[in-house]
Amino acid sequence: MSLQLTWLFIMTTTTTTTDLRFKFQKGDVVVAQGQRFQRIFQIVTGECRIEKEVDNQTVVVGRIGNGEIFGEMSFVLGSGATASVVADSEVDLFVVEGHT
């Protein structure tokens, strides 16, 4: 956890950011696998599942909930999302959006 916070601190001190809040309904795709973005997400309330497309099939590889962070690797590396994140309930997210 401290490594993630350190990376977040480094990135927010060297990149201009905007803080946002978003709400998603159950079944909404928050992030699609391969999508490119400059955002870090933190779940304020709710739960999401992490899905990957493997051999043309969707596989659930994890679940995340309150307080957990995702999107940090895409933010740091400037790459596409390695998995999709789908709302499993109503989800309230805090989002840090970078501007390069």
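## Burial and overall layout

Of the 100 residues of the protein, 34% count as buried. Buried means under 20% relative accessible area, exposed means over 50%, and partly exposed lies in between (1.4 Å probe, protein chains only). This is a predicted model, in which local features need pLDDT of at least 70 and side-chain atom pairs count only at pLDDT 80 or more, while totals for chains, interfaces and linings use all residues. Residues are numbered from 1 along each chain as its sequence is written, and side-chain values use heavy atoms, with hydrogens and water left out.

The protein has two helices and eight strands. Helices (H or I, at least four residues) and strands (E, at least two) are DSSP runs, numbered from the N terminus. Their order from the N terminus is α-β-β-β-β-β-β-α-β-β. A contact means heavy atoms within 4.5 Å. Take the contacts between residues at least 6 apart in sequence: 77% of them join residues at least 24 apart.

## Confidence

The average pLDDT is 84, and 79% of the residues score at least 70. pLDDT is the predictor's confidence in each residue, from 0 to 100. Confidence is lowest in helix α1 (residues 2-14), with a mean of 44. It is highest in strand β7 (residues 84-87), at 97. Over residues 1-15, pLDDT stays under 50. The model has nine contacts beyond four places in sequence for that stretch.

## Salt bridges

The whole structure holds six salt bridges. Each is a side-chain nitrogen of Lys or Arg within 4 Å of a carboxyl oxygen of Asp or Glu. Lys23 and Asp92 form one of them (4.0 Å, N to O). Lys23 is in strand β1 (residues 16-24) and Asp92 in strand β8 (residues 91-99), so this pair links distant parts of the chain, 69 residues apart. Lys23 is exposed at 55% relative accessibility. Asp92 is buried at 9%.

Arg39 pairs with Glu97, with the closest N and O atoms 2.6 Å apart. Arg39 lies in strand β3 (residues 39-45) and Glu97 in strand β8, so the pair ties together parts that are 58 residues apart in sequence. Arg39 is partly exposed at 27% relative accessibility. Glu97 counts as buried at 19%. Arg49 and Glu51 also form a salt bridge, again with closest N and O atoms 2.6 Å apart. Glu51 is buried, at 14% relative accessibility. A network of salt bridges links Arg49, Glu51, Arg63 and Asp88.

## Ser74 in helix α2

Ser74 sits in helix α2 (residues 72-77). It counts as buried because its relative accessibility is 6%. Its side chain reaches the backbone oxygen of Ser79 at 3.4 Å. A polar atom of that side chain also lies 3.5 Å from the backbone oxygen of Gly80. Leaving out residues up to four places away in sequence, Ser74 touches Phe37, Ser79, Gly80 and Ala81.

## The β4-β5 loop and the surface

Asp55 is in the loop between β4 (48-54) and β5. Asn56 is in the loop between β4 and β5 too. Asp55 has a positive phi of about 50 degrees, though it is not a glycine. Asn56 has a positive phi of about 60 degrees and is not a glycine either. Asp55 is exposed, at 72% relative accessible area. Asn56 is exposed as well, at 81%.

The protein exposes about 6100 Å², and carbon and sulfur atoms supply 53% of that. Accessible areas come from the Shrake-Rupley method with a 1.4 Å probe; for residues, only the protein chains shown count as cover.

Notes
Polar contact = N/O pair within 3.5 Å; in protein donor to acceptor, adjacent residues only side chain to side chain.
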